[in-house]
Amino acid sequence: MMSEFASGIDVVNRLVGMGLIEEFPDEEDRRSKRLRITEKGLDVIRDCFPVMNRVADVAYSSLTEGEQAVLIQILDKLDRYHADHYKQSKNVGFDEVYERMVG
């Protein structure tokens, strides 16, 4: 069975069309555009929080509070590690990123 997924541009265009985000030019790189969430988009996110909290309850209910704390620490460490490398590897091919991070 094949499933077709929307491209990132399609998703952005839909969100702009729904008034959830807005596009504006990047002042440093005229080839790029920046995105900003609108007040309407923030309202949608706020409406999602109660549902997402329930999803988190289901996903992590089998963990003790201590295990949840350890998981948060590990995920935070990974997030910081990858964020730093992402900034340094923005326009670099995968092989070079792999060498920097693993090799």
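## A salt bridge between R31 and D29

R31 and D29 form a salt bridge, with 3.0 Å between the closest N and O atoms. A salt bridge is defined here as a side-chain nitrogen of Lys or Arg within 4 Å of a carboxyl oxygen of Asp or Glu. R31 counts as exposed because its relative accessibility is 77%, whereas D29, at 24%, counts as partly exposed. The cut-offs for these words are under 20% relative accessible area for buried, over 50% for exposed, and partly exposed in between, with a 1.4 Å probe and protein chains only.

## Basis of the report

The model is a predicted one, in which local features need pLDDT of at least 70 and side-chain atom pairs count only at pLDDT 80 or more, while totals for chains, interfaces and linings use all residues. Residues are numbered from 1 along each chain as its sequence is written, and side-chain values use heavy atoms, leaving out hydrogens and water.

## Other salt bridges

The salt bridges number 8 by the rule applied here. D26 is paired with R34, and their closest N and O atoms are 3.0 Å apart.

Helices are DSSP runs (H or I, at least four residues), as are strands (E, at least two), and they are numbered from the N terminus. R46 counts as partly exposed at 43% relative accessibility, and D43 counts as partly exposed at 37%. A network of salt bridges links E39, D43 and R46.

## The largest pocket

The largest pocket has a volume of about 180 Å³, and its lining consists of D26, E28, D29, R34, K90 and N91. By class, this lining holds 5 charged residues, 1 polar residue and no nonpolar residues. Asp, Glu, Lys and Arg count as charged; Ala, Val, Leu, Ile, Met, Phe, Trp, Tyr, Cys and Pro count as nonpolar; the others, Gly among them, count as polar.

A pocket is found on a 1 Å grid over the protein atoms alone, as an open set of points where a 1.4 Å probe fits, with protein on both sides within 12 Å along at least five of seven lines; lining residues have an atom within 4 Å of a point.

V70, I74, L75 and L78 make a nonpolar surface patch of about 340 Å². The patch residues have over 30% relative accessible area and no salt bridge, and nonpolar side chains (Val, Leu, Ile, Met, Phe, Trp, Tyr) are joined within 5 Å. I74 is located in helix α3 (residues 65-88) and, at 47% relative accessibility, counts as partly exposed.

E65 is also found in helix α3. E65 is exposed, since its relative accessible area is 71%. Between the C-alpha atoms of E65 and K87, which are 22 residues apart along the chain, the separation is 33 Å.

## M101 in helix α4

M101 lies in helix α4 (residues 94-101). Its relative accessibility of 23% makes M101 count as partly exposed.

Definitions and conventions: Patches are made of residues with over 30% relative accessible area and no salt bridge: like charges are joined within 9 Å, nonpolar side chains (Val, Leu, Ile, Met, Phe, Trp, Tyr) within 5 Å. Accessible areas come from the Shrake-Rupley method with a 1.4 Å probe; for residues, only the protein chains shown count as cover. Grid points are joined across faces, edges and corners, and a volume is the space filled by probe spheres set on the points.
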